[in-house]
Amino acid sequence: MKTAITPHVPAGSFFDLTRKDPDLTRLREVGADSVLPFVLMERLLRSATPYAEHARSLRSDDVTVAGARFDWFDAKLPGEIAHEINLTGYEIVPHTDERREALTRALDHLSLVHPEGFDRVREFVRGLLWVGLKAGVRASSLTSSSDPALPYVIVFSEKARHHIPPNTVSEQPSHLFLAENILHEATHQSVSFHVLQHQVFADGYSSQTSPKIEIKWRAGQGEDRNQHWELDRVFHATCVYNQLIRFREVELARNDLTADERANFQAAHDEGLPAVRYLMRQLELRGEYFSDHGRDLLADLRHQTDQL
């Protein structure tokens, strides 16, 4: 499962949580490793809000799979953090044996069947937020998400056991669908890390002024932003699709899927393949918006896409 985006966090870089840094060191010394990503959040947002201190109110359970340790957050999500990453309508759901089993099975499946994908999860994910809509909130729940402002943390709901975005929904829960959604968000995080550390787009590029790409398969989803995407969003999606289509192909080659899992992975694969080819072409038509490095990434993405 090759990717144009680096699969590792460079030692000593901004995202290296083990580097010598007064704030990171202080938290490591008091055993508060789970809140280290929130220090990076403060720096990325250039904010005076002490997100790391707010995050210390979160408890976390360890989830360890194949030698990789994840912090599964519990307790109330601090409002300051929820506001910043658009989770004000959500709350962390209670930890249960059923949820732990589903989460562990999903991660274990990645480690055994998709080792390169699991390496990406291990490298770019530390914190897990399993959330649900607050009582009285009338909205469609997210499936999974991540925010470049909060490195290493991914968010997902019960819907991640049923939904393969954008359009494949199963009545039956599956840890395999949860595994795909975890890989989905880990890939987004790896792309975000790369974009923040390397100049992928040309001088002067801005999401606010970016040309918009029509996303026809999102028609009818209400907000215009879901139907017309900026180039950086299309770049993210193309990287993610390349990972997930390979994930689906591996799953479809296995003989232990249920009929429901097979039907849903096949539907998602058949929808995703023309989508990634379309997105790839749209990026290439707008190569002038990318730096030299960005165009090298596009060439690598083209090579990957042609192999699907």
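**Buried ends, salt bridges and helix pairs**

Student: What makes Asp21 count as buried?

Tutor: Its relative accessibility is 9%. Buried means under 20% relative accessible area, exposed over 50%, and partly exposed in between (1.4 Å probe, protein chains only), so Asp21 gets the buried label. Bear in mind that this is a predicted model, where local features need pLDDT of at least 70 and side-chain atom pairs 80 or more, while totals for chains, interfaces and linings use all residues. Residues are numbered from 1 along each chain as its sequence is written, and side-chain values use heavy atoms, with hydrogens and water left out.

Student: How do you know that Asp21 and Arg43 form a salt bridge?

Tutor: A salt bridge needs a side-chain nitrogen of Lys or Arg within 4 Å of a carboxyl oxygen of Asp or Glu. Here the closest N and O atoms are 3.0 Å apart, and the pair is Asp21 with Arg43. Asp21 sits in the segment before helix 1 (22-29) and Arg43 in helix 2 (residues 36-45), 22 residues apart, linking distant parts of the chain. Helices here are DSSP runs of H or I with at least four residues, strands are E runs with at least two, and both are numbered from the N terminus. Arg43 is the partly exposed end, as its relative accessible area is 30%.

Student: Why are helix 9 and helix 10 called roughly antiparallel?

Tutor: Two packed helices are described by the angle between their axes and the distance between the axes. The axes of helix 9 (residues 259-284) and helix 10 (residues 292-306) cross at roughly 155° and come within 11 Å. Axes are lines fitted to C-alpha atoms over the stretch in contact, with angles from 0 to 180 degrees between N-to-C directions. Under 35 degrees is roughly parallel, over 145 roughly antiparallel, 65 to 115 roughly perpendicular and the rest oblique, so helix 9 and helix 10 are roughly antiparallel.

Student: Which residues meet there?

Tutor: From helix 9 come Val276, Arg277, Met280, Arg281, Leu283 and Glu284, and they meet Leu298, Leu301, Arg302 and Thr305 of helix 10, where contact means heavy atoms within 4.5 Å.

Student: What makes Glu284 and Arg302 a salt bridge?

Tutor: Their side chains come to 2.7 Å, N to O. Glu284 is in helix 9 and Arg302 in helix 10, so the pair ties together parts 18 residues apart in sequence. Both ends fall in the partly exposed band, Glu284 at 29% and Arg302 at 22%.

Student: How many salt bridges are there overall, and which residues share partners in a network?

Tutor: The structure holds 17. Shared partners join Arg19, Asp21, Asp23 and Arg43 into one network.

Student: Last one: why is Ser174 called buried?

Tutor: Ser174 has a relative accessible area of 4%, so it belongs with the buried residues. You'll find Ser174 in the loop between strand 8 (168-169) and helix 7 (175-197). Leaving aside neighbours within four places in sequence, Ser174 contacts Arg161 and Glu261.
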